[in-house]
Every structure is written in C-alpha cells, then in structure tokens.
Amino acid sequence: MIWILGGTHEVPLLLDKLSNYDNIIVTVTTDEAREFLPKDLKVRVGSMTEEEKLSFVKENDINLIVDMTHPFARHIKKSIADFSKKYNIDFVRFNRKVTSFSEDYIIYVKSYDEAEKFISSHPGTYFFTTGVNECERFLKVKNDSRMIFRILPSVKSIEKISELGVPMKDICAMLGPFDEELNTALIKTYDADYLVTKNSGEGSGTKEKLLAAKNVGIKVVMIEAEEENGIQSMDELIKILGEY
C-alpha cells in the first residue's frame, strides 16, 4: 500500500489522474480536509504519534510514503521524513514550485518571527491570510493595530479564533478559491494597510492575493517558504506510484 499525507489541493488532482487508487490510503489531520477527497477512497483522519504511525504502517502493509502536505507544514514534513528514514520505508516528497516576486510593494520575511517583528513596529490595519493556527502569535504583537483574519468557515476554526478574543467584525470566515477580484474587494472592504500571507507556491492563490494588493496599493508582508528537495512534476509522481 501507498500512504499519502494529504491536506492540499494537489491530492485530489493526483487522484483524478489515476486509473484507480485501490492501493492508496490518504491521511489528513482534519474532517474538513476529508470533504475534498473521494468518498470511496481509504482515508484516516487525525494526527498520529510515532507508535501509531508504526502500527498504521504495519496494519496497511505500507511500502511507500508520499508527503504531499502544505509547504508550511514544517513539523509534519520533518517528522514523516525522519520516520521513513528510521524505519527504512521508501519516501517521496512532492513540493510545489515556489515563485519569487520582485515587486517593491512586497516585504519579504524569512519566518513568522520576522513577520511579528515587522508588525510590532509598523502599526496599521492588517489582513491576514496565514490560517487560524497562526492567529495567536500575531495577536501578541497587535499593539495599536487592527487585525483581520481570513480563516476557513469551519466550526473548529471559528471557535478557536473566538476563544482568542478576536471580535466578530475582524473575522472573515470564507472558503476559497479566491480570485483577484474577490481578494481586491475584501482588502477594500476592511480598508487594510497590509496584507500578510505565505508564499505557498503555484496554485495556492498567492499570485491572486498579490495582484489584489497591487490593485489597492497596499504593502504585502510575505513569509517565504523554506527551500525543499523533492519532486514537482505530477507526471513523475504518477510514474513512481506505478512502481509500487
């Protein structure tokens, strides 16, 4: 069996290209991510400890692990790479192509910490598209700024951000995809001075957000993705899967 770690839009695209996926099992961390996968696909929802991963591998006779998680899922990426090496399981990392944008309205930062430092010293209205899991860290440097968070409209996400004390007027709970026009409208609606986003690679909506910010004339705080070794061709990945 092939174990694919999912949660990104590339996984459904891959499955659509396969003649069948009888020898594939996908794991995702949330029920929301499960909704985007075929109903007849073997799927496990939830995170796993190392012991649980090992049991999972044995129970499903896994002989290949394919990591297709988000470019910024750094802990998961390292954990599964270390796990596959430790237990001598064939491993492939599929990563998106990441484009660098040389525009003067983009402020590049190398990490969340650097983004926090910039925000703490530049008060204004910030429109965040970095996900609900990063809200708490940015709220710690809120100071006199206004912070609007665009998050998934799931019960868990809304409960989590509400528990952090974010008022309803600063919560934008929507499900993408977001095109340039919609991003532009949202930035204008919230009268944002800065857009905070991650450079998550091709097909992630990054380009559409940048174009929207340019349309409105605001700055973008862009968190750079770390460099990765992996394959970026879907055809190459399909060829590898065919060998198992």
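The model is predicted, so local features need pLDDT of at least 70 and side-chain atom pairs count only at pLDDT 80 or more, while totals for chains, interfaces and linings use all residues. Residues are numbered from 1 along each chain as its sequence is written, and side-chain values use heavy atoms, with hydrogens and water left out.

The largest nonpolar core has 23 residues, and I4, I24, L237 and L241 touch the most other members. A nonpolar core here is a set of buried Ala, Val, Leu, Ile, Met, Phe, Trp, Tyr and Cys residues joined through side-chain atoms within 4.5 Å. Buried means under 20% relative accessible area, exposed means over 50%, and partly exposed lies in between, with a 1.4 Å probe and protein chains only. Two or more residues of this core come from each of β1 (2-5), α1 (10-17), β2 (24-28), β4 (64-67) and α10 (234-241). These helices (H or I, at least four residues) and strands (E, at least two) are DSSP runs, numbered from the N terminus. With four residues, α10 gives the most to the core. Leaving aside residues up to four places away in sequence, I4 touches V11, L14, I24, I25, V26, T27, V66 and M68, where contact means heavy atoms within 4.5 Å. A second, separate core holds 22 residues, including Y112, I119, F128 and F138.

Helix α10 also carries I238. I238 is partly exposed, with a relative accessible area of 23%. Although I238 and K17 are 221 residues apart in sequence, their C-alpha atoms are 8.2 Å apart in space. Beyond residues up to four places away in sequence, I238 touches L14, K17 and L18.

Two helix pairs come next. Helix α3 (residues 50-59) packs with helix α4 (residues 74-86) at an angle of about 55°, and their axes are 12 Å apart. The axes are lines fitted to C-alpha atoms, for helices over the stretch in contact, and the angles run from 0 to 180 degrees between N-to-C directions. The two helices α3 and α4 are therefore oblique to each other. On this scale, angles under 35 degrees count as roughly parallel, over 145 as roughly antiparallel, 65 to 115 as roughly perpendicular and the rest as oblique. The crossing of α3 and α4 is right-handed; a crossing has this hand if the near helix is turned clockwise from the far one by less than a right angle, and is left-handed if anticlockwise. On the α3 side the contact is made by E50, K53, L54 and V57, and on the α4 side by S79, F83 and K86.

In the other pair, the axes of α8 and α9 come within 8 Å and cross at roughly 50°. That makes α8 oblique to α9. This crossing, too, is described as right-handed. Here α8 contributes E180, N183, T184, I187 and K188 to the contact, while α9 contributes E208, K209, L211, A212, A213, N215 and V216.

Two polar residues within helices deserve a look. K77 sits in helix α4 and, at 7% relative accessibility, counts as buried. A polar atom of the K77 side chain lies 2.7 Å from the backbone oxygen of P71. A polar contact is a pair of N or O atoms within 3.5 Å; within protein, one must be able to donate a hydrogen and the other to accept it, and residues adjacent in sequence count only if both atoms are side-chain atoms. Not counting residues up to four places away in sequence, K77 touches D67, T69, H70, P71, R93, E226 and E228. T206 belongs to helix α9 (residues 206-216) and counts as buried at 2% relative accessibility. A polar atom of the T206 side chain lies 3.3 Å from the backbone oxygen of K198.

Most residues other than glycine have a negative phi, and most peptide bonds are trans. The peptide bond from G176 to P177 is cis, with omega near 10°, and P177 lies in the loop between β9 (171-173) and α8 (180-189). N88 has a positive phi of about 55° although it is not a glycine; N88 is found in the loop between α4 and β5 (90-93) and is exposed, with a relative accessible area of 70%. D191 has a positive phi near 50°, lies in the loop between α8 and β10 (194-198) and is exposed at 58%.
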